[in-house]
Amino acid sequence: MNTSIDAFVENFASQFDETPMDQFQASTAFRELEEWSSMTALVIIAMVDEIYKVKLTGNEIKDSTTIEDLYQVVIAKVNG
Amino acid sequence: MVISGFGIRLKRIEESDLELIRFWRNSEYVKQYMVFRDYISPEMQLAWFKRVNNQNNHYFLIIVENTPVGLANIKDIDVERKSGESGIFLSSPEFVDGDLGIRATIVLLDFAFNQLDLIQLHQTITEANQAAQNFNKHLGVQIVESDKGISKGILLKNNYFSKTNKIRKILNKYT
Amino acid sequence: MADFVIRNVKFAGLASAVPKAVEQNVELQQFDREEIEKLVKLTGIERRRLSGNELTTSDLCFSAAEAVIAKLNWKKEEIGALVFVTQTPDYILPATSNILQHRLGLGSGCLALDISSGCSGYINGIITLGQLLQGGNIKKGLLLVGDTISKICNPLDKSTYPLFGDAGTATAFEFDEGAPDILANMFSDGAGYDAIIIEDGGYRSPFNEKSLEQCVIDPGIERTRKDLVLNGMDVFTFGITRAPECVTQLLHSFKLEKDQIDYFVFHQANKFMNDTIRKKLALKPEQVPSTLANYGNTSSASIPLTITETLQQAIQERELNTVLCGFGVGLSWGAVYMQIAHAEIADLTEV
C-alpha cells in the first residue's frame, strides 16, 4: 500500500468519471467539484476501504474540506 | 408490505399516510423538484391514491428509525415490456446530507429489478434537481431526452447492478 | 361533544422536578455509535434524566408539589383535591394519590384521584381537575402529572430506550370567580390501543414466566413482554394528523385566532414529528417551545416541564395566551386554551 499523499490524490481522482485529473490536488476543496454528490462520498468510502483497508465515515467526510484533510484522517487510521 | 435493507424500511403507503404525503408534496422544498407543482387538496390526494393503489404502482414511505422521511415509488409498470418509472423524494433538506437517499434508492431499485423482475426503469428529473442528475449517473442512468427543463433517463438492469457493485458492498459492510 | 368550558378556575402556579442523573444518548454503549448519532439527529433527543432504582414518579411529583405549595404560600389544609396522572404509579393498588395526600400532609377531606394517562395526560388532568373545581366546592387543587418511563423501557430497545426521560410536575389550580375561561377538547380512539402498550402484567394477559423472555424483534430492538412497545410509524401518522386537527378544532370552536396565541406547547416525542405538526399549523418556531433535546419524551410531564423551562420568565413579564396539546397513548389526544396571568412558576427542582 502506497501511503503517500500523491497516491491518495490519484486514488481519489480515479473515482471521478468526468472531472479532468488536473483538477485534483491535495489542496482541492472536494465538495466544490461539480461531480461531487452524496453518492461520490460513498464511492470514496468504498475506495478507502478497498485500498487502505480502513473505514472512513460520513461524518469524517463532512468535517473535511480538502483532499489532504481526508488523507490525514485515513493515514491516522492506517497507522492505528 | 414492508421491504427492509441497509438500515431503512420501505412501507407500502396506506390511506392513513395520505395526509403526511400531501403535506410533503405541498411544501416548497419538495414541490420545486416536481413536474406537477399546483396545490394538492385532500380530495385530489385521495383520488390519486385510488388511482395508484394497484399492482402496477408501488408507492412506499421511506422509514428510518420509525420516522418517515420521504417517498419512493415504482409506477406505471408495463408487465410486457418489464419496465416502470422510478422516483424518490426526501421531505426535508436535512435528510439529503448523508447516505440516506442512496440507501433508499438501492433498496427501491433492488426491489424493482429483483422482486418485480423489471429490466428497465425510466426517470423524470427536473433541471433544478442537480443533485439527482449527478446521483443517477453513478447508478448507470443514461439521459435519453432533455426538453423544457425536464430530463428523461433510462436505467437498464445490467448497468445498474454493475455500477452499484462497489456501493452495495460498502453499504453491506457498514450498515 | 368533545368541547369543554371550564369557568372560575385559575392556573395559579407550577413546579417541575427531574432526577439529577443525566444520560447522554451518544454515550450509550449498547448501540452502534453511528446509529445512535443518526437517531439523535432524527429524534432531536440528546440527553435524558433517569430516576434509576430509587425514585418513583410520585417522588418527583412530591418534590414538585412541595415546591409549588411553598411558592404560592398555600396552607395544606385548604387543598381539597389531588389528581395524580401517571402510567408509572407506586403500586398496582392502592392509588398513589392517596399515598401522596398522606406524604404531603393534606387533610383527609382532600379528594384523591389517580388517572392512568400518558402523552395526553396533562390535558386529561386539566379537564378533570377543572371540572372538580369549577363548582366552587373545592377551592384549591393540585394536578400532579408525570412518569418514569425509563423504568419500563428495555435498554436494548433502540426504538424506546433512547427516547424517554423521567419527570414529575405539580400544577396548582384554584377556584376564582371571574377567572378567564379555560377552553378544552379531548378525544379517544381505542382502536389504536396497541400502538403504545405493555403487553403483560395487567389482567388481559397476566404476568407469567414468558413475560421475562428477551426477544429480538429486529436488529437493535430487543425486549420482553413486560417492556414498553412503541409502534413508531403508527404513532407518527396519528400525531401529525390528530394534533393539528384538535388545535384547529379548538381555535375554531371557540372562535380564537392563531395570531392571538403567544405560545403553543405540544407534547414532544420526536423532533421531526413535532416540526411537521408545527409546519402543518403554520406556526413560527418561536411560538413553539421545546424541551426535547435535554429531557426527551417525558410523557404527560412534557407540557408542564416545557412551561417551567421555557416560559417562566415570560409568565412573570406579561399575561400569556397559550394553547397546550397532548397526543399519544390510548390513543388519545386533546388541546387546552389557557390565559396565564400572575402565576407563580417555581425554578426547576432536581431530585
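**Entries on strands and helices**

I began with strand 7 of chain B, which is joined to strand 8 of chain B by 5 bridges, the two running antiparallel; strands pair if DSSP finds at least two bridges between them, and helices (H or I, at least four residues) and strands (E, at least two) are DSSP runs numbered from the N terminus. The model is predicted, so local features need pLDDT of at least 70 and side-chain atom pairs count only at pLDDT 80 or more, while totals for chains, interfaces and linings use all residues. Residues are numbered from 1 along each chain as its sequence is written, and chains are lettered from A and ligands numbered from 1 in the order in which they are written.

Within this pair I found Ser146(B) bridged to Ser151(B) of strand 8. The two strands form a hairpin with 2 residues between them, and Lys148(B) in the turn has a positive phi of about 50°. I then looked up the cover of strand 7 of chain B (residues 142-147) and counted 0 buried among its 6 residues, where buried means that 20 or more other C-beta atoms, placed from the backbone, lie within 10 Å of a residue's own.

After helix 6 of chain B comes Gly140(B), with a positive phi near 105°.

Methods
Buried ≥ 20, exposed ≤ 12 C-beta atoms within 10 Å, placed from the backbone.
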